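Me: I'd like to learn how to read pockets and charged pairs in a model. Could you walk me through them?

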Amino acid sequence: GVVSHDLQKLQDVIQGLQILDEALERSLEAVRYNRIPPTWLDAYPSLKNLALWMDDFIKRWSHVEDWLVNGPPAVYWISGMVFPQGFLTSLLQTHARNTGTPVDQLEFRTNVLGDRPLSTADVGAYIDGPFLQVRFIF
């Protein structure tokens with residue numbers, strides 16, 4: 001990917017094996033000041049600093065890798081997805097195909113669970129990570 005390719009090139013520049021071009025200089029400057037290099041933002045946009053972005057990037061990568069290697073997880077980390085709307089749409093489409101219900105007649109229903117499920121949901125999916133905004137009116 002872009003991140004690993006850029007990091008390898010930066011290591012080569014530091015070791016004197018690669019010439020520092022303009023794009024690499026921008027990346028090196030960003031890394032120096034704990035900012036995300038502009039080309040890395042193509043992986044997913046963020047307002048975090050580089051250290052927090054890398055931590056989040058590694059967690060996202062691990063979640064997807066685990067999913068690919070071990071199959072669907074019992075709980076999906078929805079806030080770690082780049083495009084969670086696509087995941088939610090796929091849930092609707094899968095349910096529509098399985099039940100013969102037109103997708104435009106389906107809607108989401110949520111239940112808050114106390115304990116983390118150990119197996120996948122029979123219908124729908126268990127998700128982790130959504131953030132709730134609450135407005136108190138007095």
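Me: What volume does the largest pocket have?

Reply: Rolling a probe the size of a water molecule over the atoms shows where empty space is left. In this predicted model, the largest pocket has a volume of about 1000 Å³. Here a pocket is an open set of points on a 1 Å grid over the protein atoms alone, where a 1.4 Å probe fits, with protein on both sides within 12 Å along at least five of seven lines; lining residues have an atom within 4 Å of a point. The volume is the space filled by probe spheres set on the points, which are joined across faces, edges and corners.

Me: Which residues are closest to its centre?

Reply: R109, T110, N111, A125 and Y126, out of 25 lining residues. Two elements give two or more residues each, α4 (84-99) and β2 (126-128), and α4 gives the most, with four. Helices (H or I, at least four residues) and strands (E, at least two) are DSSP runs, numbered from the N terminus.

Me: Which residues lie nearest the centre of the second largest pocket?

Reply: They are A43, Y44, F57, R60 and W61, among 20 lining residues. That pocket holds about 410 Å³, and helix α3 gives the most to its lining, with six residues.

Me: How many salt bridges are there?

Reply: Side chains of opposite charge can pair when their charged atoms come close. The rule asks for a side-chain nitrogen of Lys or Arg within 4 Å of a carboxyl oxygen of Asp or Glu, and the count comes to six. D56 pairs with R60 at 2.8 Å and with K48 at 3.9 Å, so K48, D56 and R60 are linked in a network of salt bridges. D56 and R60 both lie in α3, four residues apart, about one turn of the helix.

Me: Is D56 buried or exposed?

Reply: D56 is buried at 10% relative accessibility, and R60 is buried at 14%, whereas K48 is partly exposed at 38%. Buried means under 20% relative accessible area, exposed over 50%, and partly exposed in between (1.4 Å probe, protein chains only).

Me: What about D6, which is buried yet has no salt bridge?

Reply: Its nearest side chain of opposite charge, K9, is 6.2 Å away. The D6 side chain does have a polar contact of 2.8 Å with that of W40 (N or O atoms within 3.5 Å, one able to donate a hydrogen and the other to accept it; residues adjacent in sequence count only if both atoms are side-chain atoms).

Key
Residues numbered from 1 in each chain as written. Predicted model: local features only at pLDDT ≥ 70, side-chain atom pairs only at ≥ 80, totals over all residues. Heavy atoms only, no water. Lys, Arg positive; Asp, Glu negative; His and termini not counted.
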